[in-house]
Amino acid sequence: VQLRHERIGQSFLKRTRAYGKLILFGEHFVVYKVPALVGAVSAYTDCDVEFTSKPGLDVIDNRPAIPGYKVKKKDEANVAIQNVLTHLKFDVKERGMVVTFGGDLCAVSGIGSSAAQVVSLARGLGLATSLPLSDDEINAAGYEGEKGYHGTPSGIDNTASTFGGLLKFQRTDGDPIFTKKKIINPIRIVYASTGITASTIQVVADVRALKEANPGWFDGLMGRYLKILEQGETAVDTGDMELLGKMMDENHVLCQELTITCKESEDLVLAARQAGALGAKMTGTGRGGLVIALTPTVEIQNKVESALKNLAPQVWKTSFA
C-alpha cells in the first residue's frame, strides 16, 4: 500500500513539472517586443501543495541550488509565490497550506529557475484543488509570479517553462506570440555557471537606463540584433550548426556592449570556443549566471564539458531535439 501511495504521489508530482530554459538569442532585447529564441531544458522543478487546518503559508524549498542563490532570492521568491496565490484567488488566511518545491533543476541565474518555480506552483495548486487550469492559464499565473523576481518580465521564461520545446517568442501588449520550432539536427549544448547570482530586476533596470540615456545607440544594437536573430533562426530551420554558432558569438558581442557580461562569463566563453564549441555566449540576465556553448558532436560536447569544469562550479549538458 505504501509503495502504491508513493507511486501515486510521484505521478501527481510529475504533472506539476515546469522546465528550465536557455535563451539562444534575445537577452534584454526581448523585453522591448522583438522576437527571441529560447529552448526548454529537461531539468525541472515540481511542487507539492498540501492544505492545512490552520491559516498561513509554509514554504519548503528542496530545490538544488548554487550556494547563496535561495538566500539572495528569498524576498523576491516570497513576492512571486504570493503573486501566484493572489492571481489564482487563494487566500492562506482563510485556508493554510504547505508548499514544497523539488525537482532536479538547479536554481541558478540564467536557467529560468524562478519561472519554473512559479509555473510548478500554479500546476500544483490546480492539481491539489482539481482546478481545471489550461496551459495558457498556468502560463498567465506564471507570468504574474515572475513579476516578483523580474519586476517587468518579458514572459519568455514562464512560456518556455510551461510549454517546453524550442520556441520563437515575442512579447506584445496583449498575450505573447510564440511558435514551436521544428529541429532538423539535435542542438547539443553545454551550459555552465559563473557562480554569480545577479538581480534580474537591477540588471534590467540598468539596461533600460542605458537605452533611455542613449536611444540612438540602443536602436543601433537592436538593428544588429534583428539581423542576428534572422540568421540564427534560419540556421535552426536548416540545421546549419556552423551558422548557428557564429550568430551566438555575435549575440554575445551585443551582450558585451549592453554591459551585461562579466570576467567569469568571458573566461567560460573563451574556454568553450578553444575546446571546440562552434559558438558560445552568456545567456539570461547576465552579470553572472550562465554561459552556453554549441557543440556539433557528442565527443566535442564532452570535451567542452571537461574544459568548463576546470573553471565553473557547475556544468551541465543538454540537447534541443
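**View 1. Lining of the second largest pocket in the predicted model.** By class, five charged, four nonpolar and two polar residues make up the lining of the second largest pocket. The residues concerned are Val-59, Asp-61, Arg-63, Tyr-69, Lys-70, Lys-73, Lys-74, Ala-77, Asn-78, Ile-81 and Gln-117. Two or more of the lining residues come from each of β3 (57–61), α2 (69–72) and α3 (74–87). The largest contribution is that of α3, which gives four residues. The volume of this second largest pocket is about 150 Å³.

**View 2. The largest pocket and the residues around its centre.** The space in the largest pocket amounts to about 330 Å³. Its lining consists of 16 residues, and those nearest the centre are Asn-139, Tyr-143, Gly-174, Asp-175 and Pro-176. Helices α5 (135–150) and α6 (156–163) each contribute at least two residues to the lining of the largest pocket. The largest share, four residues, is supplied by α5. Sorted by class, the lining of the largest pocket comprises seven polar, five charged and four nonpolar residues.

View 3. Leaving aside residues up to four places away in sequence, Ile-228 touches Phe-25, Met-247, Glu-250, Asn-251 and Leu-254. Between Ile-228 and Ala-65 there is a C-alpha to C-alpha distance of 33 Å, with a sequence separation of 163 residues.

Terms used
Residues are numbered from 1 along each chain as its sequence is written. This is a predicted model: local features need pLDDT of at least 70, side-chain atom pairs count only at pLDDT 80 or more; totals for chains, interfaces and linings use all residues. Side-chain values use heavy atoms; hydrogens and water are left out. Contact means heavy atoms within 4.5 Å. On a 1 Å grid over the protein atoms alone, a cavity is a set of points where a 1.4 Å probe fits but cannot get out, and a pocket is an open set with protein on both sides within 12 Å along at least five of seven lines; lining residues have an atom within 4 Å of a point. Grid points are joined across faces, edges and corners, and a volume is the space filled by probe spheres set on the points. Ala, Val, Leu, Ile, Met, Phe, Trp, Tyr, Cys and Pro count as nonpolar, Asp, Glu, Lys and Arg as charged, and the others, Gly among them, as polar.
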